[in-house]
Amino acid sequence: MSGNALFGRYWPAESPVHALDPRTKVLATLFLVVVIFSAQNAAALAFVAALLVAFVLAARIPLSQALRSIAPLSFIVVLTGLFNLLFVQGGAVYVDWGWLRISEGGVAQALFVAVRLALLLLSGSLLTLTTTSMDITEAIERLLQPLTRIGVPAHEFAFVMGTALRFLPQFADEFRQIKVAQIARGARLSTSPLRAGMASIASLIVPLFASVFRHADTLSDAMEARCYHGAKGRTRLHPLAFGRRDAVAACVLAAALAAVVVLNVALG
């Protein structure tokens with residue numbers, strides 16, 4: 001595979017994390033979100049960060065590639081940090097230019113929220129890096145299966161989620177190719193599309209949407225050719241089954257949540 005790890009792209013490797021049941025990894029990701037939001041101080045957040053780094057290393061994924069996978073979404077972290085920097089006040093004032101006021105509390109809150117969001121993105125990326133889109137689809141469907149009794153379309157919902165994850169890295173690659181092609185045609189996109197004006201933005205968005213609709217038509221034709229009719233009558237080559245590794249992972253996450261709670265109480 002290419003050297004670029006993207007959010008939504010699978011990173012093939014043989015590791016204890018890859019070997020976990022997909023349902024365990026989906027539930028573990030949701031549990032990690034709870035753990036991250038439970039961290040209320042810098043020490044607890046640092047502990048969660050160390051835990052995530054340990055998971056990445058256990059998955060045999062280079063840390064640089066894991067960070068690169070969330071780089072396209074880093075603008076969310078930056079914008080959220082800026083909002084907290086400008087609108088949260090408290091403590092010593094570092095900058096006071098009338099309408100612009102930056103204080104110690106704003107800096108601390110901006111850093112804390114930015115790190116928290118980065119950890120949330122990294123936990124989601126770890127799921128997609130260690131689990132194929134087909135396994136994620138099946139895991140979501142199996143987890144939602146009990147809700148079918150009250151009319152929830154578990155298979156259709158899981159299929160939509162899996163399809164979106166499957167095409168996310170492909171669309172990212174095509175966006176880069178479109179940008180390079182437009183630059184080769186003289187478009188001023190080498191620095192920032194926003195500075196080049198709406199016409200240049202349209203030169204990127206219009207071909208990308210055309211590609212999205214083309215892939216949608218191709219996918220629908222392929223499904224019709226294969227007589228796709230939903231979950232009814234479908235069989236699976238490798239049925240999902242929980243194992244000893246999944247129990248160990250559950251114990252590790254439970255211990256992590258307990259450690260975060262202890263750090264919150266001790267340093268609160």
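**Reading a predicted fold: a tutorial**

Student: In which helix does phenylalanine 87 lie?

Tutor: Helices (H or I, at least four residues) and strands (E, at least two) are DSSP runs, numbered from the N terminus. Phenylalanine 87 belongs to helix α4, residues 74–87.

Student: Which elements does the protein have, and in what pattern do they follow along the sequence?

Tutor: There are ten helices and two strands, and the pattern reads α-α-α-α-β-β-α-α-α-α-α-α.

Student: How do strands β1 and β2 pair?

Tutor: Two strands pair if DSSP finds at least two bridges between them. Here β1 (residues 93–97) and β2 (residues 100–103) pair in the antiparallel sense over four bridges. Tryptophan 97 has leucine 100 of β2 as its bridge partner. The hairpin has two residues between the strands, and glycine 98 takes a positive phi near 75° there.

Student: Where is aspartate 21 found, and is this residue buried or exposed?

Tutor: Aspartate 21 is in the segment before α1 (22–38), and it counts as buried because its relative accessible area is 4%. Contact means heavy atoms within 4.5 Å. Leaving aside neighbours within four places in sequence, aspartate 21 is in contact with Leu240, Ala241, Phe242 and Asp246.

Student: What share of contacts joins residues at least 24 apart in sequence?

Tutor: Among contacts between residues at least 6 apart in sequence, the share is 72%.

Student: How is valine 53 to be read, and how far in space is its C-alpha from that of leucine 122?

Tutor: Valine 53 sits in helix α2 (residues 42–58) and counts as partly exposed, because its relative accessibility is 30%. Valine 53 and leucine 122 are 69 residues apart in sequence, yet their C-alpha atoms are 9.2 Å apart in space.

Student: How many residues does the protein have, and what percentage of them count as buried?

Tutor: The protein has 268 residues, of which 37% count as buried.

Definitions and conventions: Residues numbered from 1 in each chain as written. Predicted model: local features only at pLDDT ≥ 70, side-chain atom pairs only at ≥ 80, totals over all residues. Heavy atoms only, no water. Buried < 20%, exposed > 50% of the residue type's maximum accessible area, 1.4 Å probe, protein only.
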